[in-house]
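Dear colleague,

I am passing on to you the structure shown below.

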Amino acid sequence: MFKKILFPLDLTDNMYRVLPFVTEMADKFGAEIHCVYSLYVSSYYGSMGMGGTYIGEFEMNAQQEVKARTEKFISENLGGRNVEMSILNGRPGDEIVDYAQKNNIDLIIMGHSTTGIQRAVLGSVAAHVVKHSPSPVLVVSPEMLSK
């Protein structure tokens, strides 16, 4: 039923709490896991009037750091499984939905938060994905994430 599972990463402790849901579903269905991280730098800092050279250099450094941390997470936690990794560039909610459409994703598994600034960032991403996703979305509740 689920051959491709999309696991959006946020590089916070929350992704470690979502991980057991991803691995159990992937193992149960023999699914390929697509780990994605959406880096949203240019538009955000560009709107603040920062120079293009500075933004480009910052974005390049951020991409290298995100790639290294994502690769480390995958090697330490998803070894022995069929995993695809992508670093996306844009608004996370839009990028996740677009990736799911383009890659025929069967299931998206992600977390969200409901407090403070995390709600504004992570909660709004999860809400956007649920509303616009072409495939089912399993959202791990904040209560599960805090255990």
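**Findings**

Glu-76 is exposed, with a relative accessible area of 52%; here buried means under 20% relative accessible area, exposed over 50%, and partly exposed in between (1.4 Å probe, protein chains only). Glu-76 forms a salt bridge with Lys-72, and their closest N and O atoms are 3.9 Å apart. A salt bridge is taken as a side-chain nitrogen of Lys or Arg within 4 Å of a carboxyl oxygen of Asp or Glu. Both Glu-76 and Lys-72 belong to helix α3, four residues apart, which is about one turn of the helix.

Please note that this is a predicted model, in which local features need pLDDT of at least 70 and side-chain atom pairs count only at pLDDT 80 or more, while totals for chains, interfaces and linings use all residues. Residues are numbered from 1 along each chain as its sequence is written, and side-chain values use heavy atoms, with hydrogens and water left out.

**Overall picture**

The chain has six helices and five strands. Helices (H or I, at least four residues) and strands (E, at least two) are DSSP runs, numbered from the N terminus. Along the sequence their pattern is β-α-β-α-α-β-α-β-α-β-α. Of the 147 residues of the chain, 39% count as buried.

The mean pLDDT of the chain is 85, and 79% of its residues reach 70 or more; pLDDT is the predictor's confidence in each residue, from 0 to 100. Among the elements, β1 has the highest mean pLDDT (98), and helix α2 (residues 42-46) the lowest (53).

Contact means heavy atoms within 4.5 Å. Among the contacts in the chain with a separation of 6 or more, 76% are between residues 24 or more positions apart.

**Salt bridges**

The count comes to four salt bridges. In one of them, the side chains of Asp-27 and Arg-81 meet at 2.8 Å, N to O. Asp-27 lies in helix α1 and Arg-81 in the loop between α3 and β3 (83-89), so this pair ties together parts that are 54 residues apart in sequence. Asp-27 is partly exposed at 48% relative accessibility, and Arg-81 is partly exposed at 29%.

Asp-98 and Lys-102 also meet in a salt bridge (3.0 Å, N to O). Because they are four residues apart in helix α4 (residues 92-102), about one helical turn separates them. Asp-98 is partly exposed, at 28% relative accessibility, whereas Lys-102 is exposed, at 61%. In α4, the buried residues include Gly-93, Ile-96 and Tyr-99.

**Aromatic pairs**

Rings of Phe, Tyr and Trp (its six-membered ring) pair if their centres lie within 6.5 Å; planes under 30 degrees apart count as stacked, over 60 as edge-to-face and the rest as tilted. By this rule there are three aromatic pairs. The rings of Phe-2 and Phe-29 have centres 5.1 Å apart and planes at 85 degrees, so they form an edge-to-face pair. Phe-2 lies in the segment before β1 (4-8) and Phe-29 in helix α1 (residues 13-29), so the pair ties together parts that are 27 residues apart in sequence. Phe-2 is buried, with a relative accessible area of 12%, and Phe-29 is partly exposed, with 22%.

Tyr-16 and Phe-73 form another edge-to-face pair, with 5.1 Å from centre to centre and 75 degrees between the planes. Tyr-16 is in helix α1 and Phe-73 in helix α3 (residues 52-77), so parts that are 57 residues apart in sequence are tied together. Tyr-16 is partly exposed, at 39% relative accessible area, while Phe-73 is buried, at 2%. Ring pairs link Phe-7, Tyr-16 and Phe-73 into a cluster.

**Nonpolar cores**

A nonpolar core is a set of buried Ala, Val, Leu, Ile, Met, Phe, Trp, Tyr and Cys residues joined through side-chain atoms within 4.5 Å. The largest such core has 24 residues, and those with the most contacts inside it include Ile-5, Phe-7 and Phe-73. Two or more residues each are given to this core by β1, α1, β2 (32-39), α3 and β4 (107-111). Its largest share, five residues, comes from α1. Apart from this core lies another, of 13 residues, among them Val-97, Ile-108, Ala-126 and Val-129.

With kind regards
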